[in-house]
Amino acid sequence: MDGLNKGLRKVEIAVRWDPSPAGQPSTDLDLVAATYLADAPHGDPAYVVHFDSRSPDGTIILNRDSKDGQGFGYDEVMTLELDRLDVRYARVVVGVVIQQRPAERTFVSVSNPGLRIREGYTVLAEDDFGGVLGATAATVAEFTREGSGPWEFRSGLRGFEGDPVDFTTMMGAAQHP
């Protein structure tokens, strides 16, 4: 019955965190998605979606952007319409970046962070960033497909310790065991 598997279609990735304590600089987490072409799934991203941007075809959109964690529920939300992505794209990697202005931060200094990835009402993954406390950014999801086949999800956080500006070029690099 594999021929009936439609795979993932429309996925929501959401991040939450509590505001910084009074008198402290705001904490700003940002969702980032990078798409990769089928002929270079671990090369440079074809395009990157982040705050103040969206995919050229409107299939990846940042629905909610918070600069301080003040909100109800999830503060930052991104929607990926994988079923509408052109067949030339074979991989999408999603990450979370901590803005480093006005203060340098890692996940250990973010109050009550949380991640939820779901399709419809089905939760695919949840996390609290506890495995990447020393990181300034982290990949949180990878979606892949073979040819025009169904999209598949790979969860798992992978921390990045360095300048968050470099994160978008490194987030899709092949992982070495």
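Predicted model: local features only at pLDDT ≥ 70, side-chain atom pairs only at ≥ 80, totals over all residues.

Does Tyr-47 count as buried or exposed, and at what relative accessibility?

Modeller: Tyr-47 counts as buried, because its relative accessibility is 11% (buried means under 20% relative accessible area, exposed over 50% and partly exposed in between, with a 1.4 Å probe and protein chains only). Residues are numbered from 1 along each chain as its sequence is written.

The aromatic rings come next. Rings of Phe, Tyr and Trp (its six-membered ring) pair if their centres lie within 6.5 Å, and planes under 30 degrees apart count as stacked, over 60 as edge-to-face and the rest as tilted. By this rule there are four aromatic pairs. One of them is edge-to-face because the rings of Tyr-47 and Tyr-89 have planes at 85°, with centres 5.6 Å apart. Tyr-47 belongs to strand β3 (residues 47-49) and Tyr-89 to strand β6 (residues 89-98), so the pair ties together parts that are 42 residues apart in sequence (strands are DSSP runs of E, at least two residues, numbered from the N terminus). Tyr-89 is buried too, with a relative accessible area of 6%.

Contact means heavy atoms within 4.5 Å, and Thr-59 touches Tyr-47, Thr-79, Leu-80, Glu-81, Arg-84 and Leu-85, not counting residues up to four places away in sequence. Thr-59 is placed in the loop between β3 and β4 (60-64), and it counts as buried because its relative accessibility is 1%.

The backbone oxygen of Tyr-89 lies 2.9 Å from a polar atom of the Arg-145 side chain. With residues up to four places away in sequence not counted, Arg-145 touches several residues, including Tyr-89, Leu-82, Leu-85 and Asp-86. Arg-145 is buried yet has no salt bridge (a side-chain nitrogen of Lys or Arg within 4 Å of a carboxyl oxygen of Asp or Glu). For Arg-145, the nearest side chain of opposite charge is that of Asp-86, 6.0 Å away (Lys and Arg count as positive, Asp and Glu as negative; His and the chain ends are not counted).

Conventions. Heavy atoms only, no water. Polar contact = N/O pair within 3.5 Å; in protein donor to acceptor, adjacent residues only side chain to side chain. Helix = DSSP H or I, 4+ residues; strand = E, 2+ residues; numbered from the N terminus.
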